[in-house]
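Here is a short briefing for a reader new to this structure. Please look over the sequence and the 3D view before going on to the points below.

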Amino acid sequence: MNKLANEWRHSRIERLVFEAWWRGSPADFKNEHDFSGARPAVSGNFLADLLAGRFGLPSAAGGILWLRDLCILDGLSVAGIRGDASGTAKGPRLRFENCVFEGPVQLSGSELDGVRMFDCQLRSNDIVADALSFDRSTIQDALIIERCEIDGIFGLDRTHLCGLLRLSKLEVSGTADMRALRCDERVEIENCSFASMNLSRADLRRNLSVFETRFRGQLSLFKASVDDLHIDNCRFAQVTGGLSGLSLSQIDCRRSIFVERILLNGPFLAVGAKIGRTLTVNRFAFQPAARSHSYLDFKGTRVGQDVTFSDLNAPSGALYLEDLSLGAMLVLARLKLRMLTLIRAVTGSASITDCRISGVFDMAFAKAEFIIALERISNGGMPHISGTAPDYAKLAADAGGDAYFYTYAGGVRAASLKFRDCCFSEGLNVDSFVGNQLIFERTIICSLVLNFPLSLQNAHCKNVLQLNLVGCNGGISCGYADCESLELIEVKVAGHNGGSADAVALGAGDMSVRKHILFGSAPGGDGCSFEGGVLLDRLQLARDLLFYSIRCRSGYYALSKGLAVSVSLVRAHIGGDLAMGQKTASPVDGDTIEFDGCVRLSAARIEGDLVLSNGAARAIRPANDQDSSLSSQRYRRVHSYDRALSLTDGRIEGSLTIRNFRFDGMVDLGGAHIQRVLDRGGAVWTRSGLKQGDLVLDGLTYGSLAAPDVPGEENDDYQIAGNRHSVSKSEVDERLQWLDMQFDADEPEFRSQPFEQLAHYFSGEGDERARRMVLISKREMQRKHGGVSLLERGLGWLLKATSNYGYSPARAILCLSVWFGIGTLFAWLLGSAGAIQPNSTDLVSPYPVNYFVLAVDAAIPIIDLEQDSMLTIDPVSLPWWASENGVLIGKALYEIIGMLLLSVTVLTLTGSLREKE
């Protein structure tokens, strides 16, 4: 030892360091400070030679270099420190406490037993140069650095740590370069400050914890591998001319990632990450300077169990979850974002609550094995649905009024998709949804630019599609949708001013429903309200369509486009009942049925009953309806604008029931078939407010008719006329009054088919008397309103008066007999005055005259009864009241009328004047 000391001639500090190294004890220089407080100094080269074994001493491998309160000049630079060749001894252990390094510490490519640094300062001449480097080194035990200042880069590039890595209260002015770091134990970083940290491709066999740490640049774990990752209460500060962020792209986390209380100045990237269990991101915000880069990108991330994003405050930022895949629950809570995308995301269930998305919310083609629930989602205000209608224009204006900003959930696949307490100010698109349930509760959808703010086209629900307490300022489109049942409860649709939504409030054409459709009210509510038509054309419905509480109002814009309808079911097929109002006799409190516009059922097929109960349907007329040319019946029939109900070419296999229902406009049943008409013998039509000319029956066919009300029976019970075997005259009169409602008093237009159908019905019931009454009425109405000539009208009057259009042989015989009696009377008067004489002197005088036979012979000249041909009028013997010319003219008229009466009688007796079946 003395030999070495004499040979080396080292300083006292160096000898103390060497002795401590040789004994394995600390070299403590706390009491060696000079009067100015400066630490004693030692050359970094001396320490490097000591660690490299360059003193010719026996190997000190496995020793410890433990320094306290020492200043190392020129830093410490030594590479390739190794244990002994046999591998029985490890590399040295380093421990520095309260030391100052006046230069970089370079220990690259070394084998160290362990490193601990406390309260040290490491200074580098260049901030971009290494101040502390363990690159490509192997550290058998822990690497612990606490309360140190590192003026430069901290390097652990491709380092292998067999023990714990702990960094606490570090101030690192440069980057912490830990690329390809391998650590077999935990990595703990807390209360530190870095310019940036690069852990790309790091292999961390246990947990990585980063607590209360500040970054002036990026924290990157690109393609890193870790067991658990926990980042809590970290701040990424604003730097001049740059952005800081967090990158977990393509990270492989075998268990869970937890990121909480983060303030970023740049993007959070986790594209293509793989996480074995859960991902939690909580209480997140961005620096104001990062406005254009404030986004979280988790595209293509794979998570084994749950994903949670909560309390993210980035009003101008975005959260990208495209192609996200997770095995259990996705939770998005209390987010303030400009954009949220879940395109093609795959999850078990999803809960999205208390979020404000001011721009795009896109979850197109997302898939969930169970439920997707969206609650209190908004890109505007959050008004209440009940009470007065919200200010849609203000809501949409607050959201920006830009067509680019929208909420899109098209192509979503989930067992259930629920929207509750949401407000979408730029529209909502849920086209092509596939799942069990699609439910909207207490939700508002509006837009200033979209005609259909809510779109559900091609949605396919195995169970229910339900809208409960939903408000919309334009149309709702669900064409070609398919569901088991469709329920609309307290749905309020306010149309655009002058927009096409004024024509269509609910567009559900070509929809297919396997059970029922319900329009109803909630307890204490006033039902559905649509400022526009409800279009259900070509609907395929297996059971009932129930309008229990609804107001539909179609506007003048719709009228100008030919869509002045409140409800349209053109060519629809309904497998059960169509009820417009409760099926019960008395109305239910709170239920209102009002249709302002035509209820159009043209070519519809209803397998059950059509019930119109406790409501009203009003036709919409043009503003210039006062024009007589527009209000004429012919114009109304041709242009079909004044319809309250249209069932043209429709078919009802059950009953048509009308109970306490008011019509203001025409009811068109032309070409329809109704199996049973339950209309109280026709009286219900007048009670419903129809006027003359308001009922169109041309082409209507039916299987049975209801009888009039029977005294002593309940008014709501109907009797089918066909169930009774006789029809009274008053009942036939009721039915004839029903048919008479076709004809406008000002401009009647005759239609024969309704009379023929009614006559055919009575004929089928075996009541010939009722049939004849109907056919007689038909001929009478044809004479009055058929547009016939005066001659035809006169002839019709004659047939009516003489034979009741061939249906009264007794009247025909009576009329002919009376005519013969008149002829007999006049012949007797002339004969008594001596004015009837033989027309030849060859005849016996006086010639035997039979005045009755003479009257018959004169009235029927084709038959010679040897009276009229044998006698003549003596002008001299005429009574005072007759003249020769008058008698001749009267005789000629008598003969003509007689022939007519005889012809009518013969045709009546032979049945030639009657209608043929």
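Arginine 571 is partly exposed, because its relative accessibility of 48% falls between the 20% and 50% cut-offs. Arginine 571 sits in the loop that joins β65 (565-568) to β66 (573-574). Its phi is near 55°, a positive value in a residue other than glycine. The model is a predicted one.

**Backbone angles**

- Most residues other than glycine have a negative phi.
- Arginine 376 has a positive phi, near 55°, and is not a glycine.
- Arginine 376 belongs to strand β44, which covers residues 367-378.
- The relative accessibility of arginine 376 is 31%, so this residue counts as partly exposed.

**Largest pocket**

- What is the volume of the largest pocket? The value is about 560 Å³.
- The lining of this pocket is made of 22 residues.
- Phe826, Leu830, Val887, Gly890 and Lys891 are the lining residues that lie nearest the pocket's centre.
- Which elements each supply at least two residues of the lining? They are the helices α13 (809-832), α14 (851-859) and α15 (884-910), together with the strand β80 (871-873).
- By type, the lining of the largest pocket holds 16 nonpolar, four polar and two charged residues.
- Rolling a probe the size of a water molecule over the atoms shows where empty space is left.

**Nonpolar surface patch**

- A nonpolar patch on the surface is formed by Leu814, Val818, Ile822, Leu825, Phe826, Trp828, Trp880 and Trp881.
- Together these residues have about 920 Å² of accessible area.
- Phe826 is part of this patch, and Phe826 is also among the residues nearest the centre of the largest pocket.
- Tryptophan 828, one of the patch residues, is located in helix α13.
- Is tryptophan 828 buried, partly exposed or exposed? Its relative accessibility is 45%, so tryptophan 828 counts as partly exposed.

**Salt bridges**

- How many salt bridges does the structure hold? The count is 51.
- Glutamate 102 and arginine 123 form a salt bridge, with the closest N and O atoms 2.8 Å apart.
- Glutamate 102 is in strand β7 (residues 100-102) and arginine 123 is in strand β11 (residues 121-123), so this pair ties together parts that are 21 residues apart in sequence.
- Glutamate 102 is partly exposed, with a relative accessible area of 34%.
- Arginine 123 has a relative accessibility of 34% and counts as partly exposed.
- Arginine 538 and aspartate 510 join their side chains in a salt bridge, at 2.9 Å from N to O.
- Arginine 538 is in the loop between β61 (533-535) and β62 (540-541), and aspartate 510 is in the loop between β57 (504-507) and β58 (512-513), so the pair ties together parts that are 28 residues apart in sequence.
- Arginine 538 has a relative accessible area of 32% and is partly exposed.
- Aspartate 510 has a relative accessibility of 24% and counts as partly exposed.
- A salt bridge also links arginine 605 to glutamate 607, where the closest N and O atoms are 2.6 Å apart.
- Arginine 605 counts as partly exposed, at 33% relative accessibility.
- Glutamate 607 is partly exposed, with a relative accessible area of 29%.
- Which residues are linked in a network of salt bridges? The network includes the acidic side chains of Asp119, Glu146, Glu188 and Glu190, and the arginines Arg147, Arg166 and Arg186.

**Contacts across the sequence**

- Glycine 533 is placed in strand β61.
- Glycine 533 counts as buried, because its relative accessibility is 0% and buried means under 20%.
- Glycine 533 and valine 599 are 66 residues apart in sequence. In space, their C-alpha atoms are 9.4 Å apart.
- Arginine 255 is found in the loop between β32 (252-253) and β33 (257-264).
- The relative accessible area of arginine 255 is 32%, so this residue is partly exposed.
- Arginine 255 and arginine 206 are 49 residues apart along the chain. Their C-alpha atoms are separated by 9.8 Å.

How values were computed. Residues numbered from 1 in each chain as written. Predicted model: local features only at pLDDT ≥ 70, side-chain atom pairs only at ≥ 80, totals over all residues. Heavy atoms only, no water. 1 Å grid on protein atoms, 1.4 Å probe; cavity = no way out; pocket = protein on both sides within 12 Å on 5 of 7 lines; lining within 4 Å. Points joined across faces, edges and corners; volume = space filled by probe spheres on them. Helix = DSSP H or I, 4+ residues; strand = E, 2+ residues; numbered from the N terminus. Nonpolar A, V, L, I, M, F, W, Y, C, P; charged D, E, K, R; others polar. Patch = residues over 30% accessible without salt bridge, like charges linked within 9 Å, V, L, I, M, F, W, Y side chains within 5 Å. Areas by Shrake-Rupley, 256 points an atom, 1.4 Å probe, with all protein chains shown as cover. Salt bridge = Lys/Arg side-chain N within 4 Å of Asp/Glu carboxyl O. Buried < 20%, exposed > 50% of the residue type's maximum accessible area, 1.4 Å probe, protein only.
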